[in-house]
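Here is a short briefing on one protein chain. Keep the structure open as you read, and find each part as it comes up.

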Amino acid sequence: MPTTTSAPEEALRFNLPYGVTADSHLAWHMHMLVLEIVAIIGAGVFAVILWSIVRHRRSQRPEAAKFSGSFWVEIAWTVVPTLILIGIAIPATRVLLIENSHPDPKVTVEIRGSQWKWHYHYVGLGIDFFSNLAAASRGDVNPAKVAFYLRDVDHPLVLPAQEDVRLVITSDDVIHSWWVPELGFKRDAIPGYINRVDLSIERPGVYRGQCASLCGAGHAFMPIVVRALAPDQFQAWVKDQQAAVAARKAQSAAPWTRQIAMAAGAEVFGSICAACHQPDGKGVPGAFPALDGSPVVNGPLAAHLKIVVHGSPRNPAMAAWGKQLDDRQIAGVITYERNSWGNHTGTLVTPEQVETAR
Ligand SMILES: [Cu+2]
């Protein structure tokens, strides 16, 4: 089985994608082999059916022949399918063995699925972020006017091309599935269980996929975007990210002001909460309550802190964000909610208040 980098002629629009990893090419060739065998068998079976219909039509042979049993037919229809299955099993096993033998990776990324976003953690690099549905696909928009409607994210998974990469995949809540067709695999993200995939992407580019396991109301809203960069560009990206992390650390030592709280809150709200409560805070009637004008948001702080930190006891969609966000992020987002849209409580929530509420 050859593993060339460019798609052969047969890789037409409606076929399985030829992909950009060795595994996807192996899977593609396996798929073509089986497709050819199946096509030949199909043609043979239909030829016999057609021939029988024509040959034994009523005007030719009204009387059916009466016989039973045939030693050689029994032998043939046992032996021939067995040989076909063995003929498929040998190359298929070879592909599986090749796919499971990989060198140690240069980069390892831990992927966690959660309702309804992906969390990427670059092991040992100190880089960590959530990947959410892009804002342009949210709310009441015209899909025809949005490039990559429901197929774009705010922060793509950035990986080096031409280098060995390991992905370890798990979930924080229900079963999700991480699937980018051009990478040639799909792996379930299962809570309490870690699935591993090793890959090397042949060339830089943007590869898109989505969650492939029905995981609740927001299943269609957790796409995947992989941006593969040339190795030196990837190193530059890692440096940038690490500098940003350092800058954020330095900033978190700065005094907590209303301006800083609102900025931190706007970022958290836009990347996480807006998916359900909508960017304008109006929610989705019947599914997600409006925060604009909400009695909780405009009422006593304790109850507001409680639902954001510990989640809703009635509806698991409103998760315990205390587990995913730090004190400054939660203080920020609550301050933001209490002072945005039509809400003018004037409250400035501090990280210390969040810590006490945990
Ligand atoms: Cu999912």
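Strand E4 and strand E10 (residues 223–229) run parallel, and four bridges join them. Leu157 stands opposite Val226 in E10. Keep in mind that this is a predicted model.

**Strand E4**
- Strand E4 covers residues 157–160.
- Are its residues buried or exposed? Leu157 and Leu159 on one side are buried, and so are Val158 and Pro160 on the other.
- Both faces of strand E4 are therefore covered, given that a residue with 20 or more other C-beta atoms within 10 Å of its own counts as buried.

**The whole chain**
- The protein chain has eight helices and 10 strands.
- Its radius of gyration is 28 Å, while the globule rule gives 21 Å for 358 residues. The value is well over the rule, so the chain is more spread out than a compact globule.
- The C-alpha trace spans about 95 × 50 × 40 Å along its principal axes.
- Of the 358 residues, 23% are buried.
- Take the contacts between residues at least 6 apart in sequence: 64% of them join residues at least 24 apart.

**An open sheet of five strands**
- Strands of a sheet pair through backbone hydrogen bonds, either parallel or antiparallel.
- In what order do the five strands of the open sheet lie? The order is E3-E2-E1-E5-E8, and the pairing is mixed.
- Strand E3 (127–131) and strand E8 (195–199) stand at the edges. Each has a single partner strand, so one side of each is left without a neighbour in the sheet.
- From one strand to the next, the twist averages 20°.
- Strand E2 (residues 117–122) and E3 run antiparallel, with five bridges between them.
- His119 stands opposite Phe130 in E3.

**Pro191 and its surroundings**
- Where is Pro191? Pro191 sits in the loop between strand E7 (185–189) and E8.
- Pro191 has 14 C-beta neighbours inside 10 Å, so it counts as partly exposed.
- Which residues does Pro191 touch, leaving aside those up to four places away in sequence? They are Thr170, Ser171, Asp172 and Asp173.
- Pro191 and Glu110 are 81 residues apart in sequence. In space they are 13 Å apart, C-alpha to C-alpha.

Note on methods: Residues are numbered from 1 along each chain as its sequence is written. This is a predicted model: local features need pLDDT of at least 70, side-chain atom pairs count only at pLDDT 80 or more; totals for chains, interfaces and linings use all residues. Helices (H or I, at least four residues) and strands (E, at least two) are DSSP runs, numbered from the N terminus. The radius of gyration is taken over C-alpha atoms; the globule rule is 2.2 Å times the number of residues to the power 0.38. A residue is buried if 20 or more other C-beta atoms lie within 10 Å of its own, exposed if 12 or fewer, and partly exposed in between; C-beta atoms are placed from the backbone. Two residues are in contact if their C-beta atoms, placed from the backbone, lie within 7 Å. Two strands pair if DSSP finds at least two bridges between them. Axes are lines fitted to C-alpha atoms, for helices over the stretch in contact, and angles run from 0 to 180 degrees between N-to-C directions.
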